[in-house]
Amino acid sequence: MKYVIGNDHGGIDLYTPIKEKLEELGHEVTHVGTDGKDSVDYSDFAQKACDKVLEGEADFAILVCGTGLGMSISANKIDGIRAACVSETFSARMSRAHNNANCLCLGARVIGSETAKMIVEEFAKTDFEGGRHQRRVDKITEIEKR
């Protein structure tokens with residue numbers, strides 16, 4: 001699978017551990033985030049990463065800011081993106097299995113690198129279950145069209 005990672009200055013510290021975990025799992029990784037600690041706007045990087053997913057250049061986006069909330073709010077404004085802000089593995093698994101999330105948002109000031117790697121692994125190894133969950137995801141898509 002192909003992943004794109006977008007991060008702002010608050011999320012820079014989790015970029016490398018996430019990238020390394022994804023590569024260890026056999027995934028291809030592209031980075032569209034900032035490389036420094038100078039203040040930047042998370043919404044810019046959410047847009048860049050999500051565009052890669054929508055254009056088919058990546059299968060999934062992982063967005064990291066201080067809390068994950070700004071990235072999540074920004075990403076969920078984009079039609080076709082289902083972003084989940086999580087801080088533990090169960091929600092990461094359910095975001096894929098039940099919600100068909102295509103964007104994972106993490107907070108570097110909320111979780112450490114080891115937890116981030118566990119969350120990313122759970123997200124990456126979980127498939128969408130479809131079935132009754134597809135109907136619900138379809139309803140989300142209908143909401144986007146309003």
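Is Glu-142 buried, partly exposed or exposed, and what is its relative accessible area? The residue is found in helix 6, where helices are DSSP runs of H or I with at least four residues, strands are runs of E with at least two, and both are numbered from the N terminus. Glu-142 is partly exposed, with a relative accessible area of 46%; buried stands for under 20%, exposed for over 50% and partly exposed for values in between, with a 1.4 Å probe and protein chains only. Between the C-alpha atoms of Glu-142 and Asp-44, which are 98 residues apart in sequence, the distance in space is 26 Å.

The structure is a predicted model, in which local features need pLDDT of at least 70 and side-chain atom pairs count only at pLDDT 80 or more, whereas totals for chains, interfaces and linings use all residues. Residues are numbered from 1 along each chain as its sequence is written, and side-chain values use heavy atoms, with hydrogens and water left out.

The strands form an open sheet of five, in the order 2-1-3-5-4 and with parallel pairing, two strands being counted as paired if DSSP finds at least two bridges between them. Strand 2 (28-31) and strand 4 (83-85) stand at the edges with a single partner strand each, so one side of each has no neighbour in the sheet. On average, neighbouring strands of this sheet are turned by 20 degrees against each other, direction ignored; axes are lines fitted to C-alpha atoms, for helices over the stretch in contact, and angles run from 0 to 180 degrees between N-to-C directions.

Strand 1 and strand 2 run parallel and are joined by four bridges, with Tyr-3 standing opposite Val-29 in strand 2. Strand 1 is largely enclosed by the rest of the structure, because five of its six residues are buried. Strand 3 is joined to strand 5 by five bridges, again in parallel, and the bridge partner of Cys-65 in strand 5 is Gly-107. On the pairing of strand 4 with strand 5, three bridges in the parallel sense are found; here Ala-83 stands opposite Cys-103, and Ala-84 has Leu-104 as its bridge partner.

Strand 5 is mostly covered, with five of its five residues buried. In a regular strand the side chains alternate between the two faces of the sheet. From strand 5, Cys-103, Cys-105 and Gly-107 point one way, while Leu-104 and Leu-106 point the other way.

Helix 2 (residues 42-54) lies across strand 1, strand 3 and strand 5 and runs at about 170 degrees to strand 3. Helix 5 packs on the sheet and touches strand 1, strand 3 and strand 5, its direction making about 170 degrees with that of strand 5; contact is taken as heavy atoms within 4.5 Å.

The largest nonpolar core has 22 residues, of which Ile-18, Leu-22, Ile-62, Leu-104 and Leu-106 touch the most other members. Such a core is a set of buried Ala, Val, Leu, Ile, Met, Phe, Trp, Tyr and Cys residues joined through side-chain atoms within 4.5 Å. At least two residues of this core are supplied by each of strand 1 (2-7), helix 1 (12-24), strand 3 (60-65), strand 5 (103-107) and helix 5 (113-125), and helix 5 gives the largest share, five residues. Residues up to four places away in sequence not being counted, Leu-22 touches Tyr-3, Ile-5, His-27, Val-29, Ile-62 and Val-120. A second, separate core of 18 residues includes Ala-49, Ala-58, Ile-78 and Ile-81.

A search of the whole structure finds zero disulfides, a disulfide being a pair of cysteine sulfur atoms within 2.5 Å. For Cys-65, the nearest cysteine sulfur is that of Cys-85, 7.1 Å away, and Cys-65 is buried, with a relative accessible area of 2%. The sulfur of Cys-105 lies 4.0 Å from the closest cysteine sulfur, in Cys-103, which is too far for a bond; Cys-105 is buried, with a relative accessible area of 0%.

Two loop residues complete the description. Thr-126, in the loop between helix 5 and helix 6 (132-145), is buried, with a relative accessible area of 10%. Apart from its neighbours within four places in sequence, Thr-126 is in contact with Arg-93, Arg-96 and Ala-97. Gly-56, by contrast, has its place in the loop between helix 2 and strand 3 and is exposed, with a relative accessible area of 57%.
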